[in-house]
Amino acid sequence: MPQVAFAEFVEQVRTGTALASFPTDTVPALAARPEQGDRIYALKERPTGKPLILMGAELEDLLPYVTGAADEIERWQQMANRYWPGALTLVLPASDRLPPQMNPQQTGTLGIRVPNHPLARHVLAHTGPLATTSVNRSGQPALENPQDIAAQFPELLLLSERAIADLKTQLGDFPLTASGIPSTVICWQGQGWDILRQGSVQGIDA
């Protein structure tokens with residue numbers, strides 16, 4: 001069970017040496033470099049028809065991976081400004097920067113999100129956007145605490161208890177377990193939004 005300091009955690013994720021897990025505001029993330037999304041599919045035994053989500057520290061980090069007209073991007077920014085950081089995933093037209101490993105069936109779309117969790121955003125600010133999903137075997141419930149993650153996925157890189165304590169001193173206190181409720185997912189349809197999954201964010205005017 002590799003539990004490491006923050007600097008080593010970031011270095012191994014950035015260089016693609018390891019897959020990693022860290023807490024978010026919904027369920028813990030299983031994360032990899034975007035071009036290594038195929039490793040997530042293999043580890044989870046995940047069907048290729050389920051694209052991964054690109055998670056970033058800020059909207060500006062994610063915009064290069066999507067494409068749209070200026071008025072569409074303005075609409076996307078308005079939605080992001082209202083709900084981010086938070087448990088809302090926006091499914092948007094993907095740009096040619098999106099690695100095919102994140103969406104093997106090449107549907108032309110990409111789900112993006114900025115999590116409302118100080119540790120997750122701190123990690124993402126140092127690694128850049130990451131391909132993410134929940135930590136579990138496909139079809140099984142999402143794992144919600146570091147102990148279960150370490151037990152079932154011993155190959156995943158985790159932050160050590162000392163690293164967590166140091167980061168809490170730096171960032172303020174934060175939970176290692178979260179709501180357990182997945183994000184709400186909405187898809188841009190050219191003129192408005194379609195709700196694909198109702199999650200923890202309620203009352204969206206799509």
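**Figure 1. Strand 2 and strand 3 in the predicted model.** Strand 2 runs antiparallel to strand 3, and the pairing of the two holds 3 bridges. Strand 3 covers residues 29-32. In one of these pairings, Ala20 has Ala31 of strand 3 as its bridge partner. The structure shown here and in the other views is a predicted model, not an experimental one.

**Figure 2. The hairpin of strand 9 and strand 10.** These two strands pair in the antiparallel sense, with 4 bridges. Cys187 has Asp194 of strand 10 opposite. Between strand 9 and strand 10 lie 4 residues, and the two strands form a hairpin. Gly190, in the turn, has a positive phi of about 100°.

**Figure 3. Helix 5 against helix 7.** Two packed helices are described by the angle between their axes and the distance between the axes. For helix 5 (residues 118-127) and helix 7, the axes come within 11 Å and cross at roughly 95°. Helix 5 brings Pro118, Leu119 and His122 to the contact, while helix 7 brings Ile164, Leu167, Gln170 and Leu171. By class, the contact has 5 nonpolar and 2 polar residues, and no charged residues.

**Figure 4. The largest pocket.** The volume of the largest pocket is about 780 Å³. Its lining has 35 residues, and Arg46, Pro51, Ile53, Thr133 and Arg197 lie nearest the centre of the pocket. Several strands supply at least two lining residues each, including strand 4 (53-55), strand 5 (88-93) and strand 7 (130-134). Strand 6 gives the most to this lining, namely 4 residues. Sorted by class, the lining of the largest pocket has 15 nonpolar, 15 polar and 5 charged residues.

**Figure 5. The second largest pocket.** About 330 Å³ of space lies in this pocket. The second largest pocket has a lining of 19 residues, with Pro146, Leu158, Leu159, Ile164 and Leu176 nearest its centre. Two or more residues of the lining come from each of strand 2 (20-22), helix 6 (146-152), strand 8 (158-159) and helix 7 (161-171). Helix 6 has the largest share, with 4 residues. The classes in the lining of the second largest pocket are 11 nonpolar, 5 polar and 3 charged residues.

**Figure 6. Two backbone details in loops.** Most residues other than glycine have a negative phi, and most peptide bonds are trans. Glu45 is not a glycine, yet its phi is positive, at about 55°. Glu45 sits in the loop between helix 2 (37-44) and strand 4. The peptide bond from Trp84 to Pro85 is cis, and its omega is near -5°. Pro85 belongs to the loop between helix 4 and strand 5.

Methods:
Residues numbered from 1 in each chain as written. Predicted model: local features only at pLDDT ≥ 70, side-chain atom pairs only at ≥ 80, totals over all residues. Heavy atoms only, no water. 1 Å grid on protein atoms, 1.4 Å probe; cavity = no way out; pocket = protein on both sides within 12 Å on 5 of 7 lines; lining within 4 Å. Points joined across faces, edges and corners; volume = space filled by probe spheres on them. Nonpolar A, V, L, I, M, F, W, Y, C, P; charged D, E, K, R; others polar. Pairing = 2+ DSSP bridges. Axes fitted to C-alpha atoms, helices over the stretch in contact; angles between N-to-C directions. Contact = heavy atoms within 4.5 Å.
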